[in-house]
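Me: I want to learn how to read features off a model. Can you take me through this one?

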Amino acid sequence: MSLERFINQAVSSWMNAEGPDSDIVLSSRIRLARNLSEYKFPTLFSSEEANDIIRIIEEKANNWDVEGISQFELLKMVELQPLQKRVLVEKHLISPTLAEGSGNGACLLSENEEVSIMINEEDHIRIQCIFPGFQISEALIMANTIDDWLEEDVNYAFDEKIGYLTSCPTNVGTGLRASVMMHLPALVLTHQMNQIIPAINQLGLVVRGIYGEGSEALGNIFQISNQITLGKSEEDIVEDLKSVVGQLISQERSAREALVKTSNIQLEDRVFRSYGVLSNCRIIETKEAARCLSDVRLGIDMGYLKNISKNILNELMILTQPGFLQQYAGGPLRPDERDFRRASLIRERINMENE
């Protein structure tokens, strides 16, 4: 398979779409956790109950009639190979919890991959909507539309005082997780992120890496999300997140301007060195590739690099992950083989820009 065809098939459409403030905000995501009142939570239910829940949600999805959202395809975890599940995790379409589960889970995935409905993960249902750029309110509208449509035929576990009941107490209430993926290289280079992260935590938000809880902020990419789901409305949670993200966007832009004023030649040198590494390397590890890709994306945004798509960071941060590399290679690879394949794929992708 050619790289161009592989990218077209492997990269979600939202990764190549423009969105508001997309020079800094890569994506906006809403996730709603829900459980059916008639069944035990996934931590306690039987395989028979798990299959019943999949059947109920699948039957509902087969009669899909929500305007603006494409039809769904059902993916059962038990029918997928480990490598296939890993790729879905790397694309942010399912969680590691669902991928590593007992096999009782499934996922309903829309054609454009903006919507993913995980079934029998930590909760019976987790509705996820991903939009390009800073569109968290738009993602919430879509998630609520799907939520309302599902609730027409199923009864959710809900308490009038507490709200939606979930397996984990941290999700009780709205069941809402709102998150924004941000590229913040200038704040890292100017050593401001170490002060910003604790300040954000004090506001009831959390800063994580590219794959959420427990993951590293590879390539200066940070995920900002809410911690509190109980005692606030969905709209208040989203507005709080929007306020903080708006400030981060402003701070990142100011930091970029400061770097140009005080360290322009050093910044330009850093960008072109990283571009040179990516263009010519024969082996490269994940962390180095992520750092260089971050530099190149910053160079594109700052105007140092011309005629290169800004989506290259979105694409290659996904395509150079271990699961994707092995998918592209057609089978398992040793770590050193992955480093070789990663370098080859990056060079080939950059050459596509120069054709």
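The turns below go through strands, turns, rings and a helix.

Me: What kind of model is this, and which pLDDT do local features need?
Reply: It is a predicted model: local features need pLDDT of at least 70, side-chain atom pairs count only at pLDDT 80 or more, and totals for chains, interfaces and linings use all residues. Residues are numbered from 1 along each chain as its sequence is written, and side-chain values use heavy atoms, with hydrogens and water left out.

Me: How many bridges join β3 to β4?
Reply: Definitions come before the count. Helices (H or I, at least four residues) and strands (E, at least two) are DSSP runs, numbered from the N terminus. Two strands pair if DSSP finds at least two bridges between them. Here β3 and β4 run antiparallel and are joined by four bridges. C107 faces M118 of β4. On β2 (residues 72–76), the pairing with β3 is also antiparallel, over five bridges. There K76 has A106 of β3 as its bridge partner.

Me: Which residues of β3 point one way, and which the other?
Reply: A106, L108 and S110 point one way, C107 and L109 the other, and all are buried. Buried means under 20% relative accessible area, exposed over 50%, partly exposed in between (1.4 Å probe, protein chains only). Five of the five residues of β3 are buried.

Me: Where do I look for a positive phi in a residue that is not a glycine?
Reply: Start from the rule. Most residues other than glycine have a negative phi. E113 has a positive phi of about 65°. E113 is in the β3–β4 hairpin, which has four residues between the strands. At 14% relative accessibility, E113 is buried. D21 also has a positive phi, about 55°. D21 lies in the loop between α1 (3–10) and β1 (25–34). Its relative accessible area is 28%, so D21 is partly exposed.

Me: How many aromatic pairs does a search of the whole structure find?
Reply: A pair is described by the distance of the centres and the angle of the planes. Rings of Phe, Tyr and Trp (its six-membered ring) pair if their centres lie within 6.5 Å; planes under 30 degrees apart count as stacked, over 60 as edge-to-face and the rest as tilted. The search finds two pairs. Y156 and Y164 are edge-to-face, 6.0 Å centre to centre, with 75° between the planes. F158 and Y164 are also edge-to-face, at 4.9 Å and 70°. These pairs link Y156, F158 and Y164 into a cluster. Y156 is buried at 8%, while F158 is partly exposed at 42%.

Me: What should the 17 residues of helix α9 span?
Reply: The expected span is 1.5 Å times one less than the number of residues. For α9 (residues 286–302) that gives 24 Å, and the end C-alpha atoms are 24 Å apart, which agrees. G303 follows α9, with a positive phi near 90°.
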